[in-house]
Amino acid sequence: MAAKSIDPDKARVPGEQTYRILQRHHVLGPVDYSGGPTPPVGGPHHPTWQNANGDVYDRPLRNEHAVHSLEHGVVWVTYAENAPRSVVNAFRKKVEGVPYRMMSPVPGQGAPVKLTAWGRQLAVTSAHDPRVDQFFDAYIQGPQAPEPEGPVTGGKATP
């Protein structure tokens with residue numbers, strides 16, 4: 001899918017937050033993402049991406065690997081520890097086995113569920129919210145991704 005330029009300040013899905021990501025270089029050590037949203041929406045990251053071929057992880061991911069996946073056009077679905085099991089299972093059905101999607105818990109993220117793409121984030125409470133599919137459609141391999149056709153397999157397979 002060819003990337004087209006989009007206005008980085010304009011939301012494409014109602015309620016989403018947009019962020020300007022100025023850096024996207026590779027680093028081997030930890031990155032301090034504390035100045036931005038949780039989970040992070042971009043920035044410096046590890047050279048190895050997190051597998052996101054519909055992978056559902058039961059433990060938190062290392063942000064540096066997950067951010068690399070976002071660079072490749074992935075949408076990362078994250079859920080808080082207190083998210084209802086029924087909500088988590090409904091999102092699992094939307095993610096599992098679908099390329100350019102991945103899912104994991106993120107402690108302390110402040111919303112039951114968040115959908116994150118490079119420079120974009122949407123907080124929701126239900127998989128039935130119509131904005132969920134709008135977000136997937138807008139940002140999976142979308143024009144916001146610096147490398148929208150990057151691989152989603154062959155990277156880090158475990159949290």
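A nonpolar core is a set of buried Ala, Val, Leu, Ile, Met, Phe, Trp, Tyr and Cys residues joined through side-chain atoms within 4.5 Å, where buried means under 20% relative accessible area, exposed means over 50%, and partly exposed lies in between, with a 1.4 Å probe and protein chains only. The structure described here is a predicted model, in which local features need pLDDT of at least 70 and side-chain atom pairs count only at pLDDT 80 or more, while totals for chains, interfaces and linings use all residues. Residues are numbered from 1 along each chain as its sequence is written, and side-chain values use heavy atoms, with hydrogens and water left out.

## The core

The largest nonpolar core has 37 residues, and those with the most contacts inside it are Phe-91 and Leu-115. The elements that give two or more residues to this core are α1 (63-71), β3 (75-79), α2, β4 (101-105), β5 (113-117), β6 (120-124) and α3; of these, α3 gives the most, with 5 residues. Helices (H or I, at least four residues) and strands (E, at least two) are DSSP runs, numbered from the N terminus. In soluble globular proteins, nonpolar side chains tend to be buried together.

Leaving aside neighbours within four places in sequence, Leu-115 is in contact (heavy atoms within 4.5 Å) with Val-75, Trp-76, Val-77, Phe-91, Arg-120, Gln-121, Leu-122, Val-124, Val-132, Phe-135 and Phe-136.

## Helices α2 and α3

Two packed helices are described by the angle between their axes and the distance between the axes. Here, the axes of helix α2 (residues 85-95) and helix α3 (residues 130-139) come within 13 Å and cross at roughly 30°. These axes are lines fitted to C-alpha atoms, for helices over the stretch in contact, and angles run from 0 to 180 degrees between N-to-C directions. Angles under 35 degrees count as roughly parallel, over 145 as roughly antiparallel, 65 to 115 as roughly perpendicular and the rest as oblique, and α2 and α3 are therefore roughly parallel to each other. On the α2 side the contact is made by Phe-91, Lys-94 and Val-95, and on the α3 side by Val-132, Asp-133 and Phe-136. By class, this contact of α2 with α3 has 4 nonpolar, no polar and 2 charged residues, where Ala, Val, Leu, Ile, Met, Phe, Trp, Tyr, Cys and Pro count as nonpolar, Asp, Glu, Lys and Arg as charged, and the others, Gly among them, as polar.

The buried residues of α3 are Val-132, Phe-135, Phe-136, Ala-138 and Tyr-139, and what covers them includes β3, α2, β4, β5 and β6.

## Helix α1

In α1, 8 of the 9 residues are buried, so this helix is largely enclosed by the rest of the structure. The buried residues are Glu-64, His-65, Ala-66, Val-67, His-68, Ser-69, Leu-70 and Glu-71, and their cover includes β3, β4 and β5. Just after α1, Gly-73 takes a positive phi of about 95°.

## Backbone features

Most residues other than glycine have a negative phi, and most peptide bonds are trans. Tyr-100, in the loop between α2 and β4, has a positive phi of about 70° although it is not a glycine. Gln-141, in the segment after α3, likewise has a positive phi, of about 55°, without being a glycine. The peptide bond from Thr-38 to Pro-39 is cis, with omega near -5°, and Pro-39 is placed in the loop between β1 (17-18) and β2 (53-56).

## Accessibility of single residues

| Residue | Relative accessibility | Class |
|---|---|---|
| Ala-111 | 10% | buried |
| Tyr-100 | 12% | buried |
| Gln-141 | 18% | buried |
| Ala-123 | 41% | partly exposed |
| Asp-32 | 64% | exposed |

Ala-111 lies in the loop between β4 and β5 and, apart from neighbours within four places in sequence, is in contact with Ala-80 and Ala-123. The C-alpha atoms of Ala-111 and His-68, 43 residues apart along the chain, are separated by 23 Å.

Ala-123 itself is placed in strand β6, and, not counting residues up to four places away in sequence, Ala-123 touches Ala-111, Val-113, Lys-114 and Arg-131. Ala-123 and Val-95 are 28 residues apart in sequence and 16 Å apart in space, C-alpha to C-alpha.

Asp-32 lies in the loop between β1 and β2; Asp-32 and Gly-43 are 11 residues apart in sequence and 9.8 Å apart in space, C-alpha to C-alpha.
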